[in-house]
Amino acid sequence: MRALYWFQSDLRLADNPGLLAAARHAKALLLVHCIVPQPGWCNTRGSGVQRQRFLHESLKALRDELAPMGQKLLVVEGHPETLIPQLVNQHAIDEIHTSEAPGFYESATLTRLSELVGDTLTEHGGNTLFSVQQLPFDLDNVPLQFTPFRRAVEKLPIDRPALAPAALPPAPAGLVVEPLPTNNVRPHIALPVQGGEHAGSRRLQQWIFEQRGIAQYKATRNCLDGLDGSSTLSPWLANGSLSARTVAHAITHYESMHGANDSSRHLTMELLWREFFQWRAHADGIKLFLAGGLRKRLRRCTFEPRNYARWCQGDTDYPLVNALMRQLVATGWMSNRGRQIAASCLINELGIDWRYGAAFFEKHLIDYHVGSNYGNWQYIAGVGTDPRGGRHFNLNKQTAEHDPDGEFTTKWGGYRPPQPEFVTDAADWPLTQDEDA
């Protein structure tokens, strides 16, 4: 029997039940990852250089882990529903396995693929704390707010992470795997994190058990620079180089050694927030990308291209926001607090459709996750799961609390020369009151 395993957002060997299932009875196993071209959306196209770099490193690391087992990772560019049936025919594949990836377009891709290959396709659980069978509600009835969701799931047992396979069936005979395209981008010195399962596991071990950063997490998590206070585990969680269960059990192990405190419990809370947005992405479907969102609540907004461009480039009249946006483009990362501040500025100060900001974040974030990204943007805009109907951050207060000395803003060049509110030229000039309308 020949099997194909399609890696999606699960670029790891440890705690990967779908991979184990694919390998269980196979005589030959074809391992595939599809890089899907990013269509244009809300004035963005493609992926930022740091997001591309992190994915490239993660794929290379996975290939390196597979090599001692005599296995290969085939990386192809294109749409899975086109490429995978071709591979099935080419290599006489009997079974196809993959792990669930949240998102409307991801689900639509899986549906189209299933229609083409029939019942040879099996979908396994994804990178969540709980399986769908454990949830005390079906996917059409996921709670609309976080608090009732948390109360419903926080006592559920979290399965122990599965070990990485000691061996895998060989790749199909004659499989030719091309080298990954060269990527010469390096991690920014301000956030020197690299992709791959080994790098993610090392960060988890260092931050929780060696540096004991978890002990102060509640007090430091709002630090604006990466690695200073945040766990910064989200990039590896996003592409599945680390599983959520692995992180949860590391927290439990720490608490068994040193005792639980507000900080360790708060990190668990953040994992539950991630879980909430992941299951909401299943429930919301296409509504995750609509202007009115889950609540069908259209905001009064516009698209003023100059203000949007200034926000993207970190050239607004708000120095802290400028610094945050420049940090994002340079490193591919921004703290959770920073994301809330930057989002509130675009939505409330500049009056721009929230989806343009979400799309820009999607392009650049190395920890991009469809549920968390679009769910959080909807939360700030008041069209999603926030029971208060949105959040408007006072930028002066946020600056005083999180960058009182201007150190972060100075570091990232946030202080910009003032610019006129309006630009006039020969094609667009203001009319005086004396001129005819």
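Me: Which side chain does Q8 join by a polar contact?
Reply: A polar contact is a pair of N or O atoms within 3.5 Å; within protein, one must be able to donate a hydrogen and the other to accept it, and residues adjacent in sequence count only if both atoms are side-chain atoms. Here the side chains of Q8 and T98 are joined by one of 2.9 Å. A polar atom of the Q8 side chain also lies 3.1 Å from the backbone oxygen of S99. This is a predicted model: local features need pLDDT of at least 70, side-chain atom pairs count only at pLDDT 80 or more, and totals for chains, interfaces and linings use all residues. Side-chain values use heavy atoms, without hydrogens and water, and residues are numbered from 1 along each chain as its sequence is written.

Me: Is Q8 buried or exposed?
Reply: Buried means under 20% relative accessible area, exposed over 50%, partly exposed in between (1.4 Å probe, protein chains only). Q8 has 16%, so Q8 is buried.

Me: Where does Q8 lie?
Reply: Helices (H or I, at least four residues) and strands (E, at least two) are DSSP runs, numbered from the N terminus. Q8 lies in the loop between β1 and α1.

Me: How do β1 and β4 pair?
Reply: Two strands pair if DSSP finds at least two bridges between them. β1 (residues 2-7) and β4 (residues 95-99) have 4 bridges, in the parallel sense. L4 stands opposite I96 in β4.

Me: What is the strand order in the open sheet?
Reply: The order is β3-β2-β1-β4-β5, with parallel pairing. β3 (73-77) and β5 (121-124) each have a single partner strand, so one side of each is left without a neighbour in the sheet.
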